[in-house]
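User: Hello! I am new to this structure and would like to know what stands behind the terms used for it. Could you take me through them?

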Amino acid sequence: MSLRERLMADLKTAMKAGESARVGTIRMITAKLKDVEIAGRAKGGEGLSEDEGLSALRGMVKTRTESATMYRDAGRPELAEKEEAEIAVIRGYLPPEMDDAALEAAVKEALAATGAATMKDMGKVMGALKAKFGAGLDMGRANAVVKASLS
């Protein structure tokens with residue numbers, strides 16, 4: 001079942017169950033995916049690939065995490081909780097993240113494959129990781145591990 005099909009099925013289920021917060025979040029996800037698809041068509045692409053969809057969802061999680069932090073710092077816990085609830089729904093559509101040991105192993109493999117030795121080679125390593133894992137890999141976490149390995 002594709003991501004869009006899962007979203008539509010979950011939207012119907014949430015509507016029948018009267019879960020208004022979940023319905024709103026799923027509608028927001030579908031709108032974001034539609035925006036990404038339209039932007040891709042403007043560049044000559046056909047439809048929305050799974051990688052593009054996952055990348056968009058990771059971006060949504062990142063922005064909501066930042067917003068929740070700002071709301072907590074500003075003394076608005078109710079808004080932070082709303083953002084965190086949205087994050088939980090969005091993460092339900094993302095593949096499980098690699099654990100730290102698997103991530104370090106993947107980085108070591110990429111370092112060996114590219115022959116990287118200094119920080120100048122970081123782009124090669126990140127490119128190799130992106131080619132192998134695509135949007136299934138959280139590039140922010142991978143970036144930190146690669147930096148630590150090359151330093």
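User: What makes up the contacts in the protein chain with a separation of 6 or more?

Analyst: Contact means heavy atoms within 4.5 Å. Of the contacts with a separation of 6 or more, 58% join residues 24 or more positions apart. This is a predicted model, where local features need pLDDT of at least 70, side-chain atom pairs count only at pLDDT 80 or more, and totals for chains, interfaces and linings use all residues. Residues are numbered from 1 along each chain as its sequence is written, and side-chain values use heavy atoms, with hydrogens and water left out.

User: How do you know how confident the predictor is in the protein chain?

Analyst: From pLDDT, the predictor's confidence in each residue, from 0 to 100. The protein chain averages 88, and 99% of the residues score at least 70.

User: How many helices and strands are there in the protein chain?

Analyst: Helices are DSSP runs of H or I with at least four residues, and strands are runs of E with at least two, numbered from the N terminus. The protein chain has seven helices and zero strands. Confidence is highest in helix α4 (residues 77-91), with a mean of 95, and lowest in α7, at 85.

User: What share of the residues is called buried?

Analyst: Buried means under 20% relative accessible area, with a 1.4 Å probe and protein chains only. Of the 151 residues in the protein chain, 32% are buried.

User: What is the span of the C-alpha trace along its principal axes?

Analyst: The C-alpha trace of the protein chain spans about 55 × 45 × 30 Å.

Definitions and conventions:
Buried < 20%, exposed > 50% of the residue type's maximum accessible area, 1.4 Å probe, protein only.
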